[in-house]
Amino acid sequence: MVNIAVMGYGTVGSGVVEVIRTNGDIINQRAADEISIKYVLDIRDFPGDPIQEKIVHDVDVIINDPEVRIVVEVMGGIEPAYTFVKRCLEAGKSVVTSNKALVAKHGAELLSIARSRELNFLFEASVGGGIPIIRALNSCLTADRIEEITGILNGTTNYMLSKMFYEGADYDEVLKEAQDNGYAERNPEADVEGYDACRKIAILSSLISGQQVDFEDIYTEGITKITKKDMLYAKAMNMTIKLLASSKRHGDHLHAIVAPALLAGGHPLYNVNDVFNAVYVNGNMLGDAMFYGSGAGKLPTASAVVADVVDAAKHLHRNIMTMWKNEKLTLLPIEDTCRKFFVRMSGDAGTRRAEAEELFGPVEFVSAEGLDDEFGFVTGVMTEGDYAEKAARAEGILHMIRIEE
């Protein structure tokens, strides 16, 4: 028997308990042992819930019990999760977490502690929810040099942008609908400003580079400035708009960014809609691969957590997780990266065409139905620095969206 403890009995924590109860026979068969929940840590009591008999309020009960071999951390946030997880590892217990904030900030240190003690610190659910992207990078793709990871890593914003594109809804309308449906929090900042996706791409960037990538160093732009007009232009170009989190190699450097992007129909992420997430990976030997599925939600996330529990149970005395160093990786500055840009400008295209071309060089003009007081155009490939310098000299730029090719 392998005894585990679950720290946090919220949405994901209760999902972990449900998955183990529902699929216990299959899980035990795959773990080649019985997975048994001994404790559930929470500050609350749950009268009437069968879990109440396992509830403890003091983390020391878990840490000091030598029978607990694996601890699941699903509390969220940095503290007290970081302190609890570190103490569990130091006490000789493997840890499984879904906590992206914790992994993004302290992943290198916690991985190092786990390795030094022949334990495991596993975090599949911290990036893709139910999508097994960490496991793929850690085992299936270890023969490859990963050249690019680009993903739709936030279900809330993907749901909102899908509604705006297909139904012509405006931002405020779809945000309220997302909140009413439970997809967005009352304070949706982490999702709509791109912070959630930023932490996830920081984790993936750290994994593929082998060094610490700080999420604070990643240029991050959310979807709050995307409008119905942007969607009209996207349709006119046979494109769509997605919030992408991307990490790409440029020679010896890595560049990471989170921002809305225009995608053409041939892009592998074009048809990823609603609350679904997907991750596109390019390896120098594999070529292209796609991972698609439910990126959030109680049971998909809990499923990924329990899969890590099974992995930890099968490797109680052997570390299996790829490390990354505490040494910080310096990302390629965004100013030095190259791409095309879609630009909306006020005024009449007929009278301002020459001005736009004088500033940005040869451009492809775009018109959208019903938008007579503005026009759009697509630039040639240029650096972000060049675009910023040219845009600073232009009058009447309404919005810019990057183009992902």
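The legends below describe close-up views of a predicted model.

Residues are numbered from 1 along each chain as its sequence is written. In this predicted model, local features need pLDDT of at least 70, side-chain atom pairs count only at pLDDT 80 or more, and totals for chains, interfaces and linings use all residues, while side-chain values use heavy atoms, with hydrogens and water left out.

**View A. The open parallel sheet of six strands.** The strand order is β3-β2-β1-β4-β5-β6, and the pairing is parallel. At the edges stand β3 (55-56) and β6, each of which pairs on one side only. Strands here are DSSP runs (E, at least two residues) and helices are DSSP runs (H or I, at least four residues), both numbered from the N terminus. Two strands pair if DSSP finds at least two bridges between them.

**View B. Strand β1 and its two partners.** Strand β1 (residues 2-7) runs parallel to β4, to which five bridges join it. Within this pairing, V6 has V72 of β4 as its bridge partner, and A5 has V71 of β4. With strand β2 (residues 35-41), β1 pairs in the parallel sense over six bridges. In β2, S36 stands opposite N3.

**View C. Burial of the two faces of β1.** In a regular strand the side chains alternate between the two faces of the sheet. V2, I4 and V6 cover one side of β1 and N3, A5 and M7 the other, and all are buried, a term for under 20% relative accessible area, with exposed meaning over 50% and partly exposed the range in between (1.4 Å probe, protein chains only). Because six of its six residues are buried, β1 is largely enclosed by the rest of the structure.

**View D. Packing of helices α4 and α5.** The axes of α4 and α5 come within 10 Å and cross at roughly 10°; axes are lines fitted to C-alpha atoms, for helices over the stretch in contact, and angles run from 0 to 180 degrees between N-to-C directions. The two helices, α4 and α5, are therefore roughly parallel to each other. Angles under 35 degrees count as roughly parallel, over 145 as roughly antiparallel, 65 to 115 as roughly perpendicular and the rest as oblique. The α4 and α5 crossing is right-handed, meaning that the near helix is turned clockwise from the far one by less than a right angle (anticlockwise for left-handed). From α4, Y82, V85, K86, L89 and E90 meet L102, H106, E109, L110, I113 and A114 of α5. The α4 contact with α5 comprises seven nonpolar, one polar and three charged residues. Nonpolar denotes Ala, Val, Leu, Ile, Met, Phe, Trp, Tyr, Cys and Pro, charged denotes Asp, Glu, Lys and Arg, and polar denotes the others, Gly among them.

**View E. Packing of helices α8 and α9.** Helix α8 (residues 155-167) packs against helix α9 (residues 171-180) at an angle of about 135°, with their axes 9 Å apart. Consequently, α8 and α9 are oblique to each other. The crossing of α8 with α9 is right-handed. Y159, M160, K163 and M164 of α8 and Y171, V174, L175, E177 and A178 of α9 make the contact. Among the residues of the α8 and α9 contact, seven are nonpolar, none polar and two charged.

View F. Most residues other than glycine have a negative phi, and most peptide bonds are trans. E79 and P80 are joined by a cis peptide bond, with omega about 5°; P80 lies in the loop between β4 (68-73) and α4 (81-90). E118 is a residue other than glycine with a positive phi, near 55°, and its place is the loop between α5 (100-116) and β6 (121-122). At 41% relative accessibility, E118 counts as partly exposed. D274, also a residue other than glycine, has a positive phi near 60° and lies in the loop between β11 (253-264) and β12 (276-283). D274 is partly exposed, with a relative accessible area of 33%.

View G. R402 belongs to strand β19 (residues 397-404) and is buried, with a relative accessible area of 5%. Contact means heavy atoms within 4.5 Å. Not counting residues up to four places away in sequence, R402 touches Y219, E221, I257, A259, P260, A261, L262, I334, R339, K340, F341 and E384. The C-alpha atoms of R402 and G347, which lie 55 residues apart along the chain, are separated by 21 Å.
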